[in-house]
Amino acid sequence: MTDPRSAPALAVVGAAGAVGSVLLQILSQRADVWGGIRLIAASPADRAAGRPLAVRGEECEVLPLTEDAFEGLGPGDVVVFLTADDVCARWAPDVTARGAVVVDQSGAFRADPEVPLVVPELNAAAARIRPRGILAGPGATTLALTVVVGALHAEFGLRDLTVSSYQAASSAGLPGTDALRRQLALVAGRELGGQPGDVRRAVGEDLGPFAAPLALNVVPWSGEPAEDGWSSEELAVRAETRKVLGLEALPVAVTCVRVPVVTGHSLSVRARFEGEVSLARAHEILAAAPGVVLVDDPATGEFPTPADAVGTDPAWVGRVRRSLDDPCGLEFFVSMDNLRKGAALNAAQIAELLAAESASR
């Protein structure tokens, strides 16, 4: 066990949510580097406050989100935010004023030029310089993309990306998964698809957080309207990918699509590099890349699917092939658990970097 007198404390804001529950599982599975773990509600109105949750074999009561929840935290301690953007934006300054470091998995600070965007497999050193006392993790789609593309970039030099994402309902939190399950119940047993609007009529107005019915459908929209027909999610993936890879002018074209999968994001990727790429060398790089598992034998049915990736840590990559019309291009398919590595595990890894830094002082 870690000596609580010397080890930093960890606080998790949003511990009872979809990502928070996964993070508590992860904390119970990984090395004990924390002097104490504090669980905090996701908002002042969160009804989880007062509820006991298990972490590392002990019951911990979820504290209400008030200033008192952060009492006693100071230099060396870490606070992970798994909340809505506005909650993190409101409370992060209170945490940093105490000297603790914020790990933001909400999205509130991802675009801030003074906040490093950290994927530990790629840019762990970025966590050491944090002028605002805040580190951020990218969104799940960016994580699935950059863990794979970053490994290839280090060898071949990335020139541009074209990506289509297939995003699970759970990326919209519990409201997303609940809406998908309700919609599936509404369409179950019906003969649908023969007439225009069948699925829409069956689902009715119960769209939940989605722009169109998700059951028996795919929805080519995620996020809010942005400029020139792009969505905010698509522009975020573009900006986050550039920031993580350190390629400020990288051309990135993204189409974000919601699919009727509960958990597990997937991406179809075309990456173009500075010179001709070798498929054999690409396989070698991906097979050895941290946080990546190569599953690539389509003739025997071996390729990534979200059903395979769910509950696992790595990005699963397969269908790797050279572009037919460009010797400098590679095309591949990626699946990753968007709640695990896509959010909770990445936050835990960043927090552990900070704990190791504290221990080395």
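How are α4 and α10 oriented to each other, roughly parallel or roughly perpendicular? Before the answer, the ground rules. This is a predicted model, where local features need pLDDT of at least 70, side-chain atom pairs count only at pLDDT 80 or more, and totals for chains, interfaces and linings use all residues. Numbering runs from 1 along each chain as its sequence is written, and side-chain values use heavy atoms, with hydrogens and water left out.

Now the helices. Helix α4 covers residues 140-156 and helix α10 covers residues 340-359. Helices here are DSSP runs of H or I, at least four residues; strands are runs of E, at least two; both are numbered from the N terminus. The two axes come within 8 Å and cross at roughly 85°. Axes are lines fitted to C-alpha atoms, for helices over the stretch in contact, with angles from 0 to 180 degrees between N-to-C directions. So α4 and α10 are roughly perpendicular. That label takes 65 to 115 degrees; under 35 is roughly parallel, over 145 roughly antiparallel, the rest oblique.

Who touches whom? From α4, Ala140, Leu143 and Val147; from α10, Lys341, Gly342, Ala343 and Asn346. Contact means heavy atoms within 4.5 Å. The residues of this contact split into four nonpolar, two polar and one charged. Nonpolar is Ala, Val, Leu, Ile, Met, Phe, Trp, Tyr, Cys and Pro; charged is Asp, Glu, Lys and Arg; the others, Gly among them, are polar.

Next, Glu240, in helix α7. Buried or exposed? Buried, at 8% relative accessible area. The cut-offs: buried under 20%, exposed over 50%, partly exposed in between, with a 1.4 Å probe and protein chains only. Beyond its neighbours within four places in sequence, Glu240 contacts Arg110, Leu117, Pro138, Gly139 and Thr142.

On to the rings. The whole structure holds four aromatic pairs. One of them is Phe70 with Trp91: tilted, 5.9 Å centre to centre, 40° between planes. Rings of Phe, Tyr and Trp (its six-membered ring) pair with centres within 6.5 Å; planes under 30 degrees apart are stacked, over 60 edge-to-face, the rest tilted. Phe70 sits in the loop between β4 and β5, Trp91 in helix α2, 21 residues apart. Both Phe70 and Trp91 are buried.

Arg56 has a positive phi, near 55°, and is partly exposed at 29%. Asp228 also has a positive phi, about 55°, and is exposed at 74%.
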